[in-house]
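Me: I'm just getting started with this protein and would like to go through it step by step. Could you help me read it?
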Amino acid sequence: NTERPIVIDTTKCHPVELPKGARATNCCPPKPVSKSNVIDFKLPRPSSLTTGLRIRRAAHLLDDAQLAKYRKAVELMKALPDDDPRSFKQQANVHCAYCYGAYSNGKNDYDPRINVHRSWLFFPFHRFYLYFHERIMGKLLNDTTFALPFWNWDSLEGMQMPQIFTDQNSSLYDKYRNLNHQPPKLIDLEFNNMDPNITDQQQLLINLNIMYRQMVSNSKTASLFLGAPYRAGDEPMPGPGTIELVPHNSIHRWNGDTRTPNREDMGVFYSAARDPIFYPHHSNIDRLWDIWKTSGGKNRHDFDETDWLNASFEFYDENAELVRVKVKDSLDHTNLGYDYEKVDIPWLAAKP
Ligand code: C2O
């Protein structure tokens, strides 16, 4: 048998070594009641069904009722006890554990360690992560139609931190953010720790060109867009896809607080998901995966390799039960019960 899909067992979690200056944190998830209770994932709805989808909307376009609901969801999640796997704290830890080497990818105990970034696991891992996060929120709200918003930073009006995150009295607020990057400051999609000295108009055009370059010109194949193959036993981070590097990573850095040791929260993986804006940021990344696949070109489709399709992760679901998922079940997001509000895609016409 030469197949080598990565299979992650979250019950074997090892303390991670955090960067210098980070407050000690245990990123490992609470133990399941029993490992034999891990549920194999089932798609929540038949693909033939086109009604009843959760619709993810652009964060800057939420109406008052939608915003109130979203704030409430985060509030309820933050109010859960810390050892509940659905609590906001544990949800943030999921990212820390998967992204900072808490799990093993080898025969020797923790060598090599797993990192779901900079490889073909990047898009499917984060899709599932948000999927469960969103369902937990829906359950807390008692609303099965609840959907996470997306930070539409690839649109003209979305190229700044959405206002809804700036209210200090809101559950969406995080105090570890870059104070120079509050709205209406325009985002630099290629931010590299220095604010460029250009006009908003210039920044806007540059951003559109970046999007075109990363989504179209430089991502003509699966590995260019999704990232390099990564299998059981491999060293982590074989190579990121275009979008993961820019703007995904740059937006993380752009949000991170320069007064903290490692640009916490968003600017470093172990703490990134402690900022509520993490999830709408990734919702947009997830949306771009779909746009990439449906934008034409004969090689713009997912991998068909079994090592990718059968790679598996574990997440706690809305009932606090541990579920084992496989990449193959993530490929069509409508099978997962959600879709994106259609918005203009200005960069499609921004060929540099
Ligand atoms: Cu797991 Cu935006 O990173």
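This is a predicted model: local features need pLDDT of at least 70, side-chain atom pairs count only at pLDDT 80 or more; totals for chains, interfaces and linings use all residues.

Me: what share of the contacts join residues at least 24 apart?
Reply: That share is 71%, counted among contacts between residues at least 6 apart in sequence.

Me: switching to the sheet, in which order do its three strands come?
Reply: The order is β1-β6-β5, in an open sheet whose pairing is mixed. Strands β1 (39-40) and β5 (312-316) stand at the edges with a single partner strand each, so one side of each has no neighbour in the sheet.

Me: is the pairing of β5 and β6 parallel or antiparallel?
Reply: β5 and β6, the latter covering residues 322-326, pair in the antiparallel sense over five bridges. Within this part of the sheet, Phe313 stands opposite Val325 in β6.

Me: which strands does α3 lie across?
Reply: Helix α3 lies across β5 and β6, and runs at about 20 degrees to β5.

Me: now the core, which residues have the most contacts inside the largest one?
Reply: The largest nonpolar core has 85 residues, and those with the most contacts inside it include Cys96, Tyr100, Leu121, Phe125 and Phe128. Helix α3, residues 122-141, gives the most to this core, with 10 residues.

Me: what does Phe128 touch?
Reply: Not counting residues up to four places away in sequence, Phe128 touches Phe313, Phe315, Val325 and Ser330. Two of these names came up with the sheet, where Phe313 is opposite Val325.

Me: last topic, where is Glu264, and is it buried or exposed?
Reply: Glu264 is found in the loop between α6 (242-255) and α7 (269-272). Glu264 counts as buried because it has 23 C-beta neighbours inside 10 Å, where the cut-off is 20 or more.

Me: which residues is Glu264 in contact with?
Reply: Leaving aside neighbours within four places in sequence, Glu264 is in contact with Tyr176, Gly256, Asp257 and Ser271. The C-alpha atoms of Glu264 and Lys328, on the other hand, are separated by 33 Å, and these residues are 64 apart along the chain.

Methods. Residues are numbered from 1 along each chain as its sequence is written. A nonpolar core is a set of buried Ala, Val, Leu, Ile, Met, Phe, Trp, Tyr and Cys residues joined through C-beta atoms within 7 Å. A residue is buried if 20 or more other C-beta atoms lie within 10 Å of its own, exposed if 12 or fewer, and partly exposed in between; C-beta atoms are placed from the backbone. Helices (H or I, at least four residues) and strands (E, at least two) are DSSP runs, numbered from the N terminus. Two residues are in contact if their C-beta atoms, placed from the backbone, lie within 7 Å. Two strands pair if DSSP finds at least two bridges between them. Axes are lines fitted to C-alpha atoms, for helices over the stretch in contact, and angles run from 0 to 180 degrees between N-to-C directions.
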